[in-house]
Amino acid sequence: MWVRRGSLGVIAAVLLAFSSADAAHAQFTSGTGLAFLDNLFTGTLSKASPPMGQPGGSTQIQSPPAATNAPLPWSGEDGASGHPLMTASAIREAAANFDNCVASMWPDAARRNISQASFQRFTAGLTPDLRIMDLMDSQPEFTKSIWDYLDILVNDNRLARGREILAQYKPQFDAVERAFGVDRYIIAAIWGIESNYSTQIGDRSVLQSTATLACIGRRQNYFKDEFLSALEILHHGDLRPEQMRGSWAGAFGPTQFMPTAFKRYAVDADGDGRRDVVDDPADLIASTANNLKKDGWRAGESWGYEVVLPPTFNYMLADRAKAMTIAQWEQLGLMRATRQAFPNPSEKAYLLAPAGVQGPAFLMLQNFRVIMKYNPAEAYALAIGHFADRLRGGAPFVQSWPRQERELSRAERLELQQLLAQRGFYRGVPDGQFGGLTREALRSFQASIGTPADGFASSRVLDRLRGQ
């Protein structure tokens, strides 16, 4: 699914510092999107919906009202990616051909058993939303630190609402845990972080967004499949067009399904003949659980553990490719931050140290990898796992984050990559976006100067590079 689900742009840049690879775009590789976070970091939060029905009341999810602010127009400028299909002239040319492009997809729609009547009905009057081109190629100057990101997402108000949701829909969560073996707290955490419990699901038409992206810009093949899948959903009658509103990249519903993810994972849990992941809590909860189960969720297991590292720890081992059994990690001096014993020392885990030597570290298990299939960013998956633990009554992280550190600006990130490249450490293309290649280069540089090779991009590391 999120982000696997679709609101790249600014949120991608927020997450790239912790993503699995340089230039990783979450919603393009998995299936849903962070519509709420996209709004959060671009400052365009829509009005919150009325509270859902109280326990014992209606079981329908109340969707938020549409935002009243008029959408911003396209800037008319070239996209920041430099892709030839993102130049202003290419965008204008493709926009002028939009009607023909949509019409040309009828044969593909017919091959998916979409009737001509449905195709004509749902494509009638479609116009391109060119503002999406700006969102697709946005390059924010500043990003959030992982601790700021967690502070925003895992807070008392959201936790209180999550506990209300768990109580209100307890029968649905009970049934889903029995059927799929997926932890209810993880599902509730995804619901809370993806859409702030249905109050921030986005207000763009999925059909308009995916049609725009199928005909204009640099990801047309990808979004053609999403657009045709959206038409299939409407033709089959699972959802109505007004329900399919979401992020600019086409993610919709409280847990942000992309249309193709809906086709793979959506479940009619209450047997009413429709797979309604927008307004039917039974279908929403079951579909999200089915997604996680099919991605490899292991029933009864955690996502990971906060751990304390020994003072002389080799941070070159903090790498997703260097998984070991927990017993092997213990032999290296790692222990749980709570001082509790590990339940299963034979489990394999990799080490994540997102703030390096100055912050907490975590051993990540199979279920953490499953959450990353939902959205391939470690910061997102960490937020989901921690939120779920807090919902079940767990405590905040034991160790402190280095809140005295500031996040580097995009210009500084670009400079850091350029300096690492000049010294032979970085082999990627400097772009100001941090991922695995940048962390590997940082570790190698830090090791060369005799400091802990933790891969944390601090201003002090940048100063050392400048001074050499």
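Mentor: Two strands pair if DSSP finds at least two bridges between them; helices (H or I, at least four residues) and strands (E, at least two) are DSSP runs, numbered from the N terminus. The model is predicted: local features need pLDDT of at least 70, side-chain atom pairs count only at pLDDT 80 or more, and totals for chains, interfaces and linings use all residues. Residues are numbered from 1 along each chain as its sequence is written, and side-chain values use heavy atoms, with hydrogens and water left out.

Trainee: What makes strand E3 and E7 a pair?

Mentor: Four bridges join strand E3 (residues 304-308) to E7, and the definition asks for at least two, so the strands pair, running antiparallel. Glutamate 306 stands opposite phenylalanine 362 in E7.

Trainee: How do you know that strand E6 and E7 pair?

Mentor: Strand E6 (residues 348-352) has three bridges to E7, in the antiparallel sense. Here leucine 352 is the residue opposite phenylalanine 362 in E7.

Trainee: Why is the link between cysteine 101 and cysteine 215 called a disulfide?

Mentor: A disulfide is a pair of cysteine sulfur atoms within 2.5 Å; the S to S value here is 2.1 Å, so the name applies. A search of the whole structure finds one disulfide.

Trainee: Why is the disulfide of cysteine 101 and cysteine 215 called left-handed?

Mentor: The torsion about its S-S bond is about -90°, so the disulfide is left-handed.

Trainee: Are cysteine 101 and cysteine 215 buried or exposed?

Mentor: Both cysteine 101 and cysteine 215 are buried, that is, under 20% relative accessible area, whereas exposed means over 50% and partly exposed in between (1.4 Å probe, protein chains only).
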